[in-house]
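Hello,

Here is the structure I promised to pass on to you. Please have a look at it first, and then read my notes below.

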Amino acid sequence: MSLKTFFKRPAPRPSGQLSRRMRVALIVGFIAAGAMLLINESAHIQTASMLQSVRVSSELLRTVNSLLRELAMAESAQRGYVLTADTAYLAPYRRSKDEVQKYVRQLDGAVALNADMREEASDLTKAVAQKFGEMDLVIRLREQNKTDAVNFVVSTNVGLEEMERTRALGARLIASTSAQMVDSRVEIFRLLNVTRFGLAAGILAALFAFVLYTQQTRQMQRNDAEYNRSLEAERDALESQVQERTRRLTELATHLQQAVEDERAHLGRELHDELGALLTAAKLDVARLKSRLPGDSPELTDRVKHLTETLNQGIALKRRIIEDLRPSSLSNLGLMASLEILLREFGERSRIEMESALEPVNLNDTSDLTIYRVVQESLTNIGKYAQAKRVTVTLKNYVYHVEVSVTDDGIGFNPALTPQASHGLEGMRHRIEACGGRLDVSSASGKGTRITATIPRQQRKPQGELASAMDDMHMSSDSYNQDAQSRTGATG
């Protein structure tokens with residue numbers, strides 16, 4: 001399978017058309033909202049204008065009615081004075097006259113902006129002025145006791161005609177004002193209907209846009225869910241492929257390690273059988289030659305002695321190489337004895353103080369070899385890099401697992417900064433994980449290193465050993481904590 005197929009990119013989201021539809025829905029919603037605002041604002045302005053017109057018309061009606069009422073009261077007071085010559089009638093007359101003048105000024109202000117009604121109001125004010133001119137003339141004649149002149153003016157019905165004319169002009173102005181009020185109220189009702197229907201139409205458009213937007217949102221959510229499902233399917237497929245590749249690589253690495261171990265065993269056997277036989281034969285030949293040497297040849301005797309020592313060193317080197325390739329003590333003596341031999345030889349070679357606490361364990365051959373190789377590789381790293389003075393190796397046999405740890409008081413290191421080319425720890429980790437276990441590395445600069453390998457047991461220990469195993473676990477933990485504290489104190 002190619003990398004392009006292995007890291008296949010998922011299909012893109014089909015959201016372009018949905019995005020356009022959502023934009024259309026948003027545009028419709030904004031247009032509907034803008035139209036509603038324009039309609040409401042326009043209706044508000046026109047309604048305010050119509051209400052102002054109604055208020056002005058109402059004020060105009062009240063002014064005209066008040067003017068006609070005060071004019072009638074002035075005429076009554078004028079007649080009372082003419083008939084009785086009692087000056088008490090002049091006070092209400094003058095008060096009504098002042099009120100009429102005030103209403104005339106109000107009338108002029110009310111119709112200032114309306115040309116049609118301004119003309120009607122002007123006719124009314126002229127008629128009112130003429131009426132008051134006629135009443136003022138009669139009052140002056142009565143004050144001068146010109147009874148005949150008064151009777152003549154009264155008998156001509158001029159005052160009655162002026163009053164009827166003034167009332168007719170007032171009624172016409174009232175009718176015009178009432179008609180204008182009716183028109184304004186009709187316009188207000190129309191504007192209210194426009195506002196109501198416009199608001200309803202805007203709400204319907206907004207609801208339509210909202211429904212459309214909701215549908216598109218749900219569709220996008222469904223598309224997103226489908227897209228996420230496809231992504232999850234792709235991820236699951238990739239994970240399964242990665243797991244399959246990892247499993248194959250693990251099997252390959254395990255096979256290579258096993259092949260290495262088999263080759264080491266084969267090479268060890270070849271060295272033991274072939275090289276061992278040759279060295280032994282050579283040693284026997286040297287022994288025969290030594291027995292036949294003349295006694296007066298000390299130089300030949302020294303040469304034969306040196307050759308015997310060299311052969312002994314070669315045999316010892318052969319044994320050490322064979323033990324490094326495939327420790328025969330594992331098969332003959334067991335794991336604990338093999339570890340003791342390994343620790344003793346390492347201590348003698350490196351002149352490092354060795355401490356051990358080993359418990360007998362019952363594992364299969366593969367697990368025994370794995371523990372041995374982990375301790376061997378750890379000691380090799382300690383000899384190369386740690387600059388340690390003391391090394392402690394423990395082997396604990398718990399209920400469900402076996403734990404081996406190698407602790408030194410060396411310079412330590414940062415596990416996170418381990419170079420990629422360093423395969424020692426990775427090799428140990430792979431060996432442990434191939435047995436279903438776990439490798440933990442605890443180290444810090446200047447505080448030593450502890451490597452702990454945990455390998456599960458194929459069969460748990462008998463139930464009767466559970467309590468002692470738990471005690472051993474606590475004792476091991478306490479001893480390590482005390483040891484770490486002592487090393488920390490010594491470093492400080």
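**What I found**

Valine 406 stands opposite isoleucine 451 in β5. Please keep in mind that this is a predicted model.

Strand β3, residues 401-408, pairs with β5 in the antiparallel sense, over eight bridges. Strand β5 itself covers residues 449-456 and is mostly covered, with seven of its eight residues buried. Between β4 and β5, the hairpin has five residues, and glycine 446 in this hairpin takes a positive phi near 80 degrees.

Which residues other than glycine have a positive phi near 60 degrees? Alanine 85 is one of them, and asparagine 145 is another. Alanine 85 sits in the loop between α2 (16-84) and α3 (90-110). Asparagine 145 has its place in the loop between α4 (115-143) and α5 (147-155).

Are these two buried or exposed? The relative accessibility of alanine 85 is 34%, so this residue counts as partly exposed. For asparagine 145 the value is 59%, and therefore asparagine 145 counts as exposed. The cut-offs behind this are over 50% for exposed and under 20% for buried, with partly exposed in between.

Now to the helices. Leucine 37 lies in helix α2. Its relative accessible area is 62%, which means that leucine 37 is exposed. How far apart in space are leucine 37 and glycine 198? From C-alpha to C-alpha they are 9.7 Å apart, while 161 residues separate them in sequence.

Please look at leucine 199 as well, which is found in helix α6 (residues 158-292). Leucine 199 has a relative accessibility of 33%, so it counts as partly exposed. Together with Ile203, Leu204 and Leu207, Leu199 makes a nonpolar surface patch of about 360 Å². A residue needs over 30% relative accessible area to be part of such a patch.

Those are my notes; I would be glad to hear what you think.

Best wishes

Conventions. Residues numbered from 1 in each chain as written. Predicted model: local features only at pLDDT ≥ 70, side-chain atom pairs only at ≥ 80, totals over all residues. Heavy atoms only, no water. Buried < 20%, exposed > 50% of the residue type's maximum accessible area, 1.4 Å probe, protein only. Helix = DSSP H or I, 4+ residues; strand = E, 2+ residues; numbered from the N terminus. Pairing = 2+ DSSP bridges. Patch = residues over 30% accessible without salt bridge, like charges linked within 9 Å, V, L, I, M, F, W, Y side chains within 5 Å. Areas by Shrake-Rupley, 256 points an atom, 1.4 Å probe, with all protein chains shown as cover. Salt bridge = Lys/Arg side-chain N within 4 Å of Asp/Glu carboxyl O.
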